[in-house]
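This report describes selected local features of a predicted model.

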Amino acid sequence: MNEVTSQSSPLAFGEKLLSLLDTGSFTTTYKYALLLSLLDATVEGTDADGRAPATLSGRDLGRRVFELYWRQARPFSEHGPLRQSRQRDLVVKIAELRTRLGLSEHASLDVARRADELAVARLEREVIATVVRYPIPLLQRFGSGSGAVDDRFIYGIGWVAGITQGRVFAADFDDRLHLRPGAGEHLAALAGLVRPVIEREWLRYVARRNDDLVDELRLETFLFGRARISLANVRTPLLELQDGRCFYCGRERGPWEVDHFLPWSRWPDDRLDNLVVADRGCNGDKRAALAALPHLERWWRRLTPGTVEHEHLGAIATRTSWPRRTGRTAGGARGLYLHQPHGALLWEAPGEVRPLDLRRLQSTLASRQAAAEDPGDYTP
């Protein structure tokens, strides 16, 4: 098998990732969830100089997989949640917990934690253990059966599949994934292109196991569409923060919609720092584009501790109990923007684009170095 090295182009790395999707053994959707979690973790872990993290935590990836499945463990029809494996899988267990807690299908994970923190933590622990024990060691396996080949071109680890759950949570267990040279940068750079491919393969897998229940268009919206929680609770306070004006054009015209500044299709993030209010014209035209640097610079002040905007968002988060993880949102911005090529066209206004000035971008993002969560972040 051709070796992917730190000198390989993102294209060569991406081709190998696609080959893994085509030839790897997928008996559940766990590997798809792990791949999306790897993309998100490398994007968020990008530093101010555009460097991706050298290591990732296996237990943290397990938590991300739990968050992904939480959004999908809702009734799809009167038959309940969708089948995502041949057995009673993690999605079914999460769905059973949601039912036991009496949660609505729109209830977020934060709401569930407040309803029964111990029960949620116990199930999250099971998901983490499953991810560390199986999909992480087995993800980079091409083929199946006796002809399978392990090629750890993304990361290396210090454990094998099937370790005990107790070992996963032992104090001396090293859960780090050591990213191969260049792999983190390639993952972050390709995230916007690779994510839809992974989601499509995940969708096809689920569709094959639920062909009596679904059509693929509805299934795509159900699995990967914007979270079906209402953003109305934060629309008015965010609009007040913006003095009653559209975040992008500055006009007072409406009708108003809550927009994900970092596009949902590139990096799903419903936390407060990623939300702005825009008029329908700007929001509809921007779609999944990255916003031009003047917009980024104004938005970045919201993420900068000590600014009026940052403090105001903190008050909104407390008043509305809306999740806020400024450090993760800032990391997402660095990962998405710093891996754009110089001159990439960014959205500025309806019908208008502006080329990316990489030097100006680096100066903007360097103004907030903190990668950890701010003390004032609201984390239910």
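As background, most residues other than glycine have a negative phi, and most peptide bonds are trans.

R287 is likewise not a glycine and has a positive phi, of about 50°. R287 is found in the loop between α12 (280-286) and α13 (293-302). With a relative accessibility of 65%, R287 counts as exposed.

## Strands β6 and β7

Strand β6 (residues 256-260) runs antiparallel to β7, and 5 bridges join the two. Within this pairing, E257 stands opposite A278 of β7.

Strand β7 (residues 275-279) is mostly covered, with 5 of its 5 residues buried. In a regular strand the side chains alternate between the two faces of the sheet. In β7, L275, V277 and D279 point one way, while V276 and A278 point the other way; all are buried.

Strand β8 (residues 345-349) is largely enclosed by the rest of the structure, because 4 of its 5 residues are buried. β8 pairs with strand β9 (residues 352-355) in the antiparallel sense over 4 bridges. In this pairing L346 stands opposite R354 of β9. The hairpin has 2 residues between the strands, and G351 takes a positive phi near 80°.

β1 and strand β5 (residues 176-179) run antiparallel and are joined by 3 bridges, with T55 opposite H178 of β5.

## Packing of α3 with α6

Two packed helices are described by the angle between their axes and the distance between the axes. For helix α3 (residues 58-72) and helix α6 (residues 117-133), the axes come within 8 Å and cross at roughly 120°. This angle makes α3 oblique to α6. The crossing of α3 past α6 is right-handed.

On the α3 side, the contact is made by G58, R59, G62, R63, V65 and F66; on the α6 side, by V120, L123, E124, V127, I128, V131 and V132. By class, the contact of α3 with α6 comprises 8 nonpolar, 2 polar and 3 charged residues.

## Packing of α2 with α9

Helix α2 (residues 30-44) packs with helix α9 (residues 183-209) at an angle of about 155°, and their axes are 9 Å apart. That angle makes α2 roughly antiparallel to α9. α2 passes α9 in a crossing that is left-handed.

Residues of α2 in the contact are Y32, A33, L35, L36, L39, D40, T42 and V43; those of α9 are G184, L187, A188, A191, V194, R195, I198, E199, E201, W202 and Y205. Divided by class, the contact of α2 with α9 has 13 nonpolar, 2 polar and 4 charged residues.

Definitions and conventions
Residues are numbered from 1 along each chain as its sequence is written. This is a predicted model: local features need pLDDT of at least 70, side-chain atom pairs count only at pLDDT 80 or more; totals for chains, interfaces and linings use all residues. Side-chain values use heavy atoms; hydrogens and water are left out. Buried means under 20% relative accessible area, exposed over 50%, partly exposed in between (1.4 Å probe, protein chains only). Two strands pair if DSSP finds at least two bridges between them. Axes are lines fitted to C-alpha atoms, for helices over the stretch in contact, and angles run from 0 to 180 degrees between N-to-C directions. Angles under 35 degrees count as roughly parallel, over 145 as roughly antiparallel, 65 to 115 as roughly perpendicular and the rest as oblique. A crossing is left-handed if the near helix is turned anticlockwise from the far one by less than a right angle, and right-handed if clockwise. Contact means heavy atoms within 4.5 Å. Ala, Val, Leu, Ile, Met, Phe, Trp, Tyr, Cys and Pro count as nonpolar, Asp, Glu, Lys and Arg as charged, and the others, Gly among them, as polar.
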